[in-house]
Amino acid sequence: MTGALRGTRGLRRRVRETLDVVVARDPSVRSRSEAWLHPTLMSLAGHRTGNYLYRHRHYRSARLICMMTKALTGGVEIHPGAQIGRRLFIDHGCGVVIGETAVIGDDVSLFHQVTIGSTGWWQDRERDGAGGGRRHPRLGNGVTVGTGATLLGPITIGDDALIGAMSLVLDDVPKGAHVRAPGDRARTVTHPPTPPSENGTDR
């Protein structure tokens with residue numbers, strides 16, 4: 001078997017695997033044919049292409065692929081330098097950002113408006129001198145990151161950890177831990193207060 005044939009079969013297997021992940025994790029998707037239109041597939045296809053170019057030092061072309069993918073997916077921006085494992089799932093996609101030195105393990109699920117970023121270029125340079133070290137989080141296998149969560153800096157999220165919606169994570173998270181944002185539930189006000197009248201007194 002030639003290398004090209006093995007590569008083609010491997011690519012087909014990866015595509016089928018991704019389609020099955022979308023069907024399994026998104027209840028609104030009922031078939032592989034529908035999964036072709038999911039942002040996960042387009043995001044990963046763009047990233048695989050951009051990452052290949054990035055690793056071969058075609059940085060401008062890699063960046064162009066990244067920007068095109070972002071436009072096609074409604075806002076999924078994965079830097080071509082990021083390392084992405086197998087069976088990544090990105091639900092809805094809008095507003096997801098993954099930085100250049102991020103490392104994403106296998107079977108990770110990200111919801112919309114998740115940021116996997118750095119703490120700022122000024123802190124990166126202060127910590128790493130020329131800024132050549134890892135600046136972004138490392139996510140282990142099986143991690144789930146909820147809507148609007150922000151993970152910043154060269155932290156490590158352990159396998160199977162669950163990061164709750166709207167959480168701000170700046171420190172390492174151990175394996176299997178569940179991180180919740182402070183005040184994780186809104187309260188329902190049954191009878192809202194009557195607004196004051198224009199002269200400043202209650203009606």
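Some ground rules. The model is predicted, so local features need pLDDT of at least 70 and side-chain atom pairs count only at pLDDT 80 or more, while totals for chains, interfaces and linings use all residues. Residues are numbered from 1 along each chain as its sequence is written, and side-chain values use heavy atoms, with hydrogens and water left out.

Overall numbers to begin. The protein chain has five helices and 14 strands; these are DSSP runs numbered from the N terminus, H or I of at least four residues for helices and E of at least two for strands. There are 203 residues, and 39% of them count as buried. Buried is under 20% relative accessible area, exposed is over 50%, and partly exposed is in between, with a 1.4 Å probe and protein chains only. Among contacts in the chain with a separation of 6 or more, 33% are between residues 24 or more positions apart, where contact is heavy atoms within 4.5 Å.

Now the sheets. Strands of a sheet pair through backbone hydrogen bonds, either parallel or antiparallel. In what follows, two strands pair if DSSP finds at least two bridges between them. Val103 stands opposite Arg138 of strand 8.

Another open sheet has five strands, ordered 3-6-9-12-14, and its pairing is parallel. Strand 3 and strand 14 (178-179) are at the edges with a single partner strand each, so one side of each has no neighbour in the sheet. Strand 12 and strand 14 run parallel, with two bridges between them, and Ile163 is opposite Val179 of strand 14.

That brings me to the loop between strand 12 and strand 13, where Ser167 sits. Is Ser167 buried or exposed? Ser167 is buried, at 2% relative accessibility. The side chain of Ser167 makes polar contacts, meaning pairs of N or O atoms within 3.5 Å; within protein, one must be able to donate a hydrogen and the other to accept it, and residues adjacent in sequence count only if both atoms are side-chain atoms. One goes to the backbone oxygen of Gly164, at 2.8 Å. Another involves the backbone nitrogen of Ala181, which is 3.2 Å from a polar atom of that side chain. Leaving out neighbours within four places in sequence, Ser167 is in contact with Gly148, Ala149, Thr150, Val179, Arg180 and Ala181.

Met166 is in the loop between strand 12 (162-163) and strand 13 (168-169). Met166 is exposed, with a relative accessible area of 59%. Most residues other than glycine have a negative phi. For Met166, phi is positive, near 70 degrees. His92 also has a positive phi, near 70 degrees. His92 lies in the loop between strand 3 (89-90) and strand 4 (97-98), and is exposed at 53% relative accessible area.

On a 1 Å grid over the protein atoms alone, a cavity is a set of points where a 1.4 Å probe fits but cannot get out; a pocket is an open set with protein on both sides within 12 Å along at least five of seven lines; lining residues have an atom within 4 Å of a point. Points are joined across faces, edges and corners, and a volume is the space filled by probe spheres set on them.

The largest pocket holds about 320 Å³. It is lined by 14 residues, and Leu11, Arg14, Val15, Ala45 and Arg48 are the closest to its centre. Which helix gives the most to this lining? Helix 1 does, with seven residues. Helix 1 (3-25) and helix 3 (39-55) each supply at least two. By class, the pocket lining has six nonpolar, three polar and five charged residues. Here Ala, Val, Leu, Ile, Met, Phe, Trp, Tyr, Cys and Pro are nonpolar, Asp, Glu, Lys and Arg are charged, and the others, Gly among them, are polar.

There is one cavity of 30 Å³ or more. The largest cavity has a volume of about 60 Å³. Its lining includes Ser43, His47, Ile65, Cys66 and Glu77. Helix 3, helix 4 (59-73) and strand 1 (77-78) each supply at least two lining residues. By class, the cavity lining has six nonpolar, five polar and one charged.
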